[in-house]
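Keep the viewer open as you read.

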Amino acid sequence: MPYTRLQRHTELRRKSGIARKKKARAHAQTVSLQTTHYKKFCDICFEFFIRERDRWTDTLDGRRFAQGDYEHYHAAHYIPRQALYTRYDPMNCHGQSSGHNWAASPKASPIVRHRFMNLYRAWMVKTYGEPAVAELEQRGNQTGQFTIPMWMDAAKENYTRAHQINARAFSKRLASVYHTGHEQGILEQIFNKIGVEPDGLTRE
């Protein structure tokens, strides 16, 4: 059955889009990976792992969230994310509502933040014990930047955590974040650098 003019136009646009995406992906594979590329990848992997580990439940008040509700359910750090040496420590991050995560941020008033962090620390001590929390806080005071090899190690470790806890949902999460041809090229470069073989990305 011959194509109508609209069908031909639609098919040409589809093929053109595929070609552009392939070209962007190929170009991205020539880009030199920087700290920002690894940091974004590590954050996505780690925060996915935290949400899955805590079963989409606020660890402070027990509220449940729908799986995939990234807007309202956050991976909330006890020691701020700026502290690299505790940024990807599972003990330093827990599933919480967006409201709780906001209360710990600089956007909250000093009074609100102080009260919330006291609550968070009390929960941490009850869960892990005072010595473990004190040791975590000490590591949080470490300064210095990660080298590229350190970022590569962090990327592999966080990818492995996320993949092992829920491979299919993790594949969908990566596909939703790295959806353009350029982004997919960057992702493929990261996979090659850290020596992993992804199962394939899916949106289904």
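A103 is found in helix α4 (residues 98–103); helices here are DSSP runs of H or I with at least four residues, strands are runs of E with at least two, and both are numbered from the N terminus. Before going on, note that this is a predicted model, in which local features need pLDDT of at least 70 and side-chain atom pairs count only at pLDDT 80 or more, while totals for chains, interfaces and linings use all residues. Residues are numbered from 1 along each chain as its sequence is written, and side-chain values use heavy atoms, with hydrogens and water left out.

With a relative accessibility of 8%, A103 counts as buried (buried is under 20% relative accessible area, exposed over 50%, partly exposed in between, with a 1.4 Å probe and protein chains only). Setting aside residues up to four places away in sequence, A103 touches A108, V112, R113 and F116; contact means heavy atoms within 4.5 Å. H114 lies eleven residues from A103 in sequence, and their C-alpha atoms are 8.8 Å apart.

## The nonpolar cores

Which residues have the most contacts inside the largest nonpolar core? They are F41 and Y159, in a core of 31 residues. A nonpolar core is a set of buried Ala, Val, Leu, Ile, Met, Phe, Trp, Tyr and Cys residues joined through side-chain atoms within 4.5 Å. Two or more residues each come from α2 (35–53), α7 (148–165), α8 (167–177) and α9 (181–194), and α2 gives the largest share, nine residues.

Beyond its neighbours within four places in sequence, Y159 is in contact with F41, C45, F170, F191, I194, V196, E197 and P198. A second, separate core has 13 residues, including I79, A103, M124 and L136.

α2 and α9 pack at about 85°, with their axes 11 Å apart; that makes α2 roughly perpendicular to α9. Axes are lines fitted to C-alpha atoms, for helices over the stretch in contact, and angles run from 0 to 180 degrees between N-to-C directions. Angles of 65 to 115 degrees count as roughly perpendicular, under 35 as roughly parallel, over 145 as roughly antiparallel and the rest as oblique. H37, Y38, K40 and F41 in α2 meet E183, I186, L187, I190, F191, K193 and I194 in α9. The residues of this contact divide into seven nonpolar, one polar and three charged (Ala, Val, Leu, Ile, Met, Phe, Trp, Tyr, Cys and Pro count as nonpolar, Asp, Glu, Lys and Arg as charged, and the others, Gly among them, as polar).

α7 and α9 pack at an angle of about 100°, their axes being 9 Å apart, and are therefore roughly perpendicular to each other. Here M152, A155, K156 and Y159 in α7 meet F191, K193 and I194 in α9. By class, that contact has five nonpolar, no polar and two charged residues.

## From the loop to the strands

In the loop between α2 and β1 you will find R55 and W56. R55 has a positive phi of about 55° although it is not a glycine, and W56 likewise has a positive phi of about 55° without being a glycine. Are they buried or exposed? R55 is exposed, at 63% relative accessible area, whereas W56 is buried, at 4%.

Strand β1 (residues 73–77) has four of its five residues buried. β1 pairs with strand β2 (residues 93–97) in the antiparallel sense over five bridges; pairing requires at least two DSSP bridges between the strands. A76 stands opposite H94 in β2.
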